[in-house]
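Could you walk me through this protein chain, step by step? I am new to reading structures and would like to know where to look.

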Amino acid sequence: MCRWNNCVVFNPSGQSRIRIGKMNTILSRANAVFAFALTVLATLTFLCFLSTLLNDNLSTVELAERRVAVKNVPDFTEERDRNDLGLVTFDLRTNLTDVFNWNVKQLFIYLVAEYETKNNAVNQVVIWDKIVLRDENYELDFSDVSSKYYFFDDGEGLKGHKNVTLTLYWNVVPNAGRLTDVMVGSHQIGFPNRYSVGRA
């Protein structure tokens, strides 16, 4: 028989012997509380994820090019080889207020140039990106933005190419749940038939 923290054990001779010992130590109680707290946090995190699972994370985007040029420049990774370098400036306007729900920590926005050439069926080059954190200005209004990264072609496939698509994506980084990559807008551009010389 156990009462409080003491256990009374009866033996066959009829005499009783008292064994004093703690049934629940501080460590075992702390472990139980910790396990319960983890279960509650995991459940709340999962409910947080479910609450925004069906959101499309889209917003209206205005994307347009300002200037487009192409140069033929040396490829310093290989001897006597030259590649096309695309030069693009663009305008970008969007409002991210509807995207930033309470489960969004930040957005990673990036602009990709996508096109097809004889050398490669699929070409994808990231030419610009930006990170927008929670509580920053959600209204983006950029004019005459230059490419942040070099737009090199693997050869000479940009000159005269009239079917290059600039596609804007953003990667939604949540507080809880999975990362989602969303395509939000695109704009088609064409490169001139002549190489630009000097500074463009």
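Start at Leu 166, which sits opposite His 187 of strand 11.

Now widen the view to the strands themselves. Strand 10 and strand 11 run antiparallel and are joined by 9 bridges. The hairpin they form has 5 residues between the strands, and there Gly 177 takes a positive phi near 120°. Strand 10 (residues 164-174) also pairs with strand 6 (residues 104-115), again in the antiparallel sense, over 10 bridges.

What order do the strands of this open sheet follow? The sheet has 4 strands in the order 7-6-10-11, with antiparallel pairing. Its edges are strand 7 (123-133) and strand 11 (180-189), each of which pairs on one side only. From one strand to the next, the twist averages 20°.

With the sheet in mind, step back to the whole chain. Its secondary structure comes to 1 helix and 11 strands, and along the sequence the pattern reads β-β-β-α-β-β-β-β-β-β-β-β. Of the 200 residues in the chain, 36% are buried.

How confident is the predictor? The mean pLDDT of the chain is 84, and 84% of the residues reach 70 or more. Among the elements, strand 7 has the highest mean pLDDT, 96, while strand 1 (residues 2-3) has the lowest, 50. Where pLDDT is low, the predicted coordinates should not be read in detail.

Next, look for charged partners: the whole structure holds 4 salt bridges. One of them joins the side chains of Arg 67 and Asp 144, at 3.4 Å from N to O. Arg 67 lies in strand 4 (residues 61-74) and Asp 144 in strand 8, so this pair ties together parts that are 77 residues apart in sequence. Arg 67 is partly exposed at 47% relative accessibility, and Asp 144 is partly exposed at 31%. Asp 144 has another feature to notice: its phi is near 55°, a positive value in a residue other than glycine.

Because Asp 141 lies in strand 8 and Arg 93 in strand 5 (residues 82-95), the pair ties together parts 48 residues apart in sequence. Asp 141 is partly exposed, with a relative accessible area of 49%, and Arg 93 is partly exposed as well, with 32%.

A further salt bridge links Lys 148 to Asp 129, with the closest N and O atoms 2.8 Å apart. Lys 148 is in the loop between strand 8 and strand 9 (151-152), and Asp 129 is in strand 7, 19 residues apart. Is Asp 129 buried or exposed? Asp 129 is buried, because its relative accessible area is 13%, under the 20% cut-off. Lys 148 is partly exposed at 48%.

Follow strand 7 onward into the loop between strand 7 and strand 8 (139-146), where you will find Asp 135. Asp 135 has a positive phi of about 70° although it is not a glycine, and it is exposed, with a relative accessible area of 70%.

A nonpolar patch of about 910 Å² is made by Phe 34, Phe 36, Leu 38, Val 40, Leu 41, Leu 44, Phe 46, Leu 47 and Leu 50. One of these residues, Leu 47, is in helix 1 (residues 26-51) and is partly exposed, with a relative accessible area of 46%.

Terms used:
Residues are numbered from 1 along each chain as its sequence is written. This is a predicted model: local features need pLDDT of at least 70, side-chain atom pairs count only at pLDDT 80 or more; totals for chains, interfaces and linings use all residues. Side-chain values use heavy atoms; hydrogens and water are left out. Patches are made of residues with over 30% relative accessible area and no salt bridge: like charges are joined within 9 Å, nonpolar side chains (Val, Leu, Ile, Met, Phe, Trp, Tyr) within 5 Å. Accessible areas come from the Shrake-Rupley method with a 1.4 Å probe; for residues, only the protein chains shown count as cover. Helices (H or I, at least four residues) and strands (E, at least two) are DSSP runs, numbered from the N terminus. Buried means under 20% relative accessible area, exposed over 50%, partly exposed in between (1.4 Å probe, protein chains only). Two strands pair if DSSP finds at least two bridges between them. Axes are lines fitted to C-alpha atoms, for helices over the stretch in contact, and angles run from 0 to 180 degrees between N-to-C directions. pLDDT is the predictor's confidence in each residue, from 0 to 100.
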